[in-house]
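Morning, everyone. Let me put the model up, and then we'll walk through sheets, helices and a few loop details.

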Amino acid sequence: MTDQPYLEVKGVSKTYTLKTIFSGSKQVKALQDISFKLGRGEALALVGESGSGKSTCGRAIAGMFDIDAGDILVNGKSITSARNSKEKRENARKVQMVFQDPFASLNPTHTVRHHLARPLSLHSRVPDGSTLEQEVIRTLEDVELDPSVMLDKYPHELSGGQRQRINLARALAVGAELIIADEPTSMLDVSIRRSILNLMNRLKKERGITFLYITHDLATAHYLTENTAVMFGGRIVEFGPSDLIVRDPQHAYSKLLLSSVPNAHTRINADFEHARDFSKFADKVRAETAASTGALEEISTGRFVRAA
Amino acid sequence: MTQSERFLDVKDLKVDYMTLDGPFRAVKGVDLHINRGEVLGLAGESGCGKSTIAYALMRLHRPPAFIAGGDITVDGEDVLAFDEETLAQWRWSKVSLVFQSAMNALNPVLTIFEQFRDVYHRHTGKSTEEARARAVELMELVGIDPVRLDDYPHQLSGGMRQRVVLANALILEPQMIIMDEPTTALDVVVQREILQEIAGLQKKFGFSILFITHDLALMSQFADRIAIMLKGEIVEVNSAHEILHNPQHDYTKQLWDAMPSFEDAEGVA
């Protein structure tokens with residue numbers, strides 16, 4: 001079976017119940033009937049505003065919580081089918097996450113060596129004829145960091161970009177096949193964002209690592225991924241090849257998202273009377289998208305748009 | 001360009017931070033000016049000193065940071081010569097500040113109205129009724145239903161909070177607003193909404209803006225002139241058009257290249 005997708009998400013739903021002190025409980029549909037496929041060595045971008053369910057979707061695939069309905073298959077096997085701790089650990093090894101905040105995702109009391117040595121030994125990833133130290137060094141070289149200066153540094157001695165490389169290294173150390181990167185560049189300086197994207201791109205091309213890239217930045221999504229899924233209110237509103245979505249978005253929300261990306265070549269209209277036109281339009285699109293009950297329809301091969 | 005057109009004039013500004021290893025100079029002799037009604041963008045990466053400049057302009061630095069030298073002239077007045085009392089009255093009425101994180105700029109245990117009232121009362125000594133009337137006016141100005149005045153900050157969305165912060169900066173009709181990454185924590189769509197709002201208000205009231213951000217593309221949509229900062233120094237200042245079409249300094253070019261745009265095709269497999 002060569003055309004089996006590496007990751008298959010089938011009809012996944014998740015509802016959170018919020019219990020507040022002052023009012024009754026409230027249901028939040030974080031994910032509603034999410035389905036997509038992602039081939040081995042490919043990258044898919046989940047794009048949407050905060051609260052659209054894109055991070056929830058990534059976390060569901062990483063197995064960080066139980067889903068209410070549907071199934072998630074990694075390499076053809078359901079992630080919920082693991083029966084013992086060995087199988088669970090194997091699932092965890094294959095699917096790794098890189099988080100948005102490089103400052104919070106490393107332990108400030110441990111060195112870089114510890115951050116890489118620990119996953120290596122926990123998952124028994126040191127092959128015969130090699131030592132733990134050699135493997136740590138090899139992993140650091142994979143993410144273009146110099147082992148001779150990095151090994152004994154603590155997270156506070158590293159820049160944001162270096163920390164994010166350590167986070168990627170940690171995922172690589174255990175032999176991750178799918179890396180779920182949740183806004184990995186949004187807390188980094190603009191001047192180093194591209195280098196992290198380039199590193200991910202290289203890992204994808206040279207190592208065949210599959211990426212699920214979660215972002216609200218359509219430009220970087222287009223840069224890294226083959227396909228993009230635009231999410232709103234826990235649902236996918238448009239899915240298709242990234243360059244087509246950027247060139248010719250079909251769904252009203254995708255168009256809104258795209259038109260909001262800062263474009264240096266267009267001055268914004270500074271007329272006070274019309275200053276709020278964009279805002280009104282955005283509210284209208286959001287309300288219509290939230291209220292629509294249309295199904296996701298295939299408009300051309302591999303291209304899906306939710307009907308109004 | 002005559003001197004009187006300049007609303008803000010900064011000459012050879014130096015700001016130091018005292019560290020255990022001696023003073024660290026975060027701003028190394030910066031010259032800049034902003035004309036009346038002009039939007040000046042200040043761009044650079046984190047740690048380059050752009051927020052330090054914003055704080056220095058309002059004299060908000062507390063030890064270990066201090067202004068080590070230079071002149072700041074706002075509307076013909078020497079800001080560094082103000083005593084504490086003058087400074088307190090001057091801040092917000094002449095120049096106000098919008099921070100990056102609206103959630104941190106608002107007091108979580110005060111309602112939106114109480115935040116307006118505090119500033120208004122302190123500066124004008126007017127009654128609560130008058131403050132209420134002004135607050136309603138400002139909320140309408142930034143497009144929020146005035147009934148939300150009695151809400152707490154956590155009850156508003158991120159975009160609404162940023163609008164409230166903007167309204168609060170406008171309360172005393174300042175002639176300049178310093179905006180330190182006013183849209184960075186927001187979603188792209190909301191970011192565009194807020195930018196549109198700022199541009200509209202600026203057009204209506206004609207105040208000057210010092211707009212600090214690391215997003216050059218966003219800045220060139222809005223600023224009249226742009227200053228590029230690197231390691232405590234301004235390396236290039238030019239009109240937004242020239243910075244975009246004809247960047248001179250290597251670092252400016254580097255900043256442009258650092259952002260993937262839709263024209264990039266190299267990454268797509």
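First, a term: two strands pair if DSSP finds at least two bridges between them. Helices (H or I, at least four residues) and strands (E, at least two) are DSSP runs, numbered from the N terminus.

Now the ground rules. This is a predicted model, where local features need pLDDT of at least 70, side-chain atom pairs count only at pLDDT 80 or more, and totals for chains, interfaces and linings use all residues. Residues are numbered from 1 along each chain as its sequence is written, chains are lettered from A and ligands numbered from 1 in the order in which they are written, and side-chain values use heavy atoms, with hydrogens and water left out.

Start with the sheet in chain A. Eight strands make an open sheet, in the order 6-7-8-3-9-10-12-11. The pairing is mixed. Strand 6 (95-98) and strand 11 (296-300) of chain A are at the edges, each with a single partner strand, so one side of each has no neighbour in the sheet. On average, neighbouring strands of this sheet are turned by 20° against each other, direction ignored. That angle needs a word. Axes are lines fitted to C-alpha atoms, for helices over the stretch in contact, and angles run from 0 to 180 degrees between N-to-C directions.

One pair from that sheet. Strand 9 (residues 227-232) and strand 10 (residues 235-241) of chain A pair in the antiparallel sense, over six bridges. Thr228(A) has Gly240(A) of strand 10 as its bridge partner.

What lies across strand 6 and strand 7 (178-182) of chain A? Helix 2 (residues 85-94) of chain A does, at about 50° to strand 6. Contact here means heavy atoms within 4.5 Å.

What does the record say? UniProt lists "domain: ABC transporter" for residues 7-258 of chain A, in an unreviewed entry. UniProt positions are in the numbering used here, feature names are shortened, and annotations may be inferred rather than shown by experiment. In the model, residues 7-258 of chain A are 38% helix and 26% strand. The end C-alpha atoms of that stretch are 27 Å apart.

On to helix packing in chain A. Two packed helices are described by the angle between their axes and the distance between the axes. Helix 3 (residues 112-122) and helix 4 (residues 132-142) of chain A have axes that come within 9 Å and cross at roughly 110°. They are therefore roughly perpendicular. For the cut-offs, angles under 35 degrees count as roughly parallel, over 145 as roughly antiparallel, 65 to 115 as roughly perpendicular and the rest as oblique. The crossing of helix 3 and helix 4 of chain A is right-handed. By class, their contact has seven nonpolar, two polar and three charged residues. Ala, Val, Leu, Ile, Met, Phe, Trp, Tyr, Cys and Pro count as nonpolar, Asp, Glu, Lys and Arg as charged, and the others, Gly among them, as polar. As for handedness, a crossing is left-handed if the near helix is turned anticlockwise from the far one by less than a right angle, and right-handed if clockwise.

Helix 4 of chain A also meets helix 6 (residues 160-173) of chain A. Their axes come within 9 Å and cross at roughly 125°. These two helices are therefore oblique to each other. Thr139(A), Leu140(A) and Asp142(A) of helix 4 meet Ile166(A), Ala169(A), Leu172(A) and Ala173(A) of helix 6. That contact divides into five nonpolar, one polar and one charged.

Chain B next. Four strands form an open sheet in the order 2-1-4-5, with antiparallel pairing. Strand 2 (22-35) and strand 5 (77-78) of chain B are the edge strands, each pairing on one side only. Strand 1 (residues 6-19) and strand 4 (residues 65-74) of chain B pair over eight bridges. Strand 1 and strand 2 of chain B pair over 11 bridges, and a hairpin joins them through two residues. Leu13(B) stands opposite Val30(B).

Two loop details to finish. A cis peptide bond joins Pro63(B) and Pro64(B), with omega about 10°. Pro64(B) is in the loop between helix 1 and strand 4 of chain B. In chain A, Asn75(A) has phi near 55°, a positive value in a residue other than glycine. Asn75(A) is in the loop between strand 4 (69-74) and strand 5 (77-78) of chain A.
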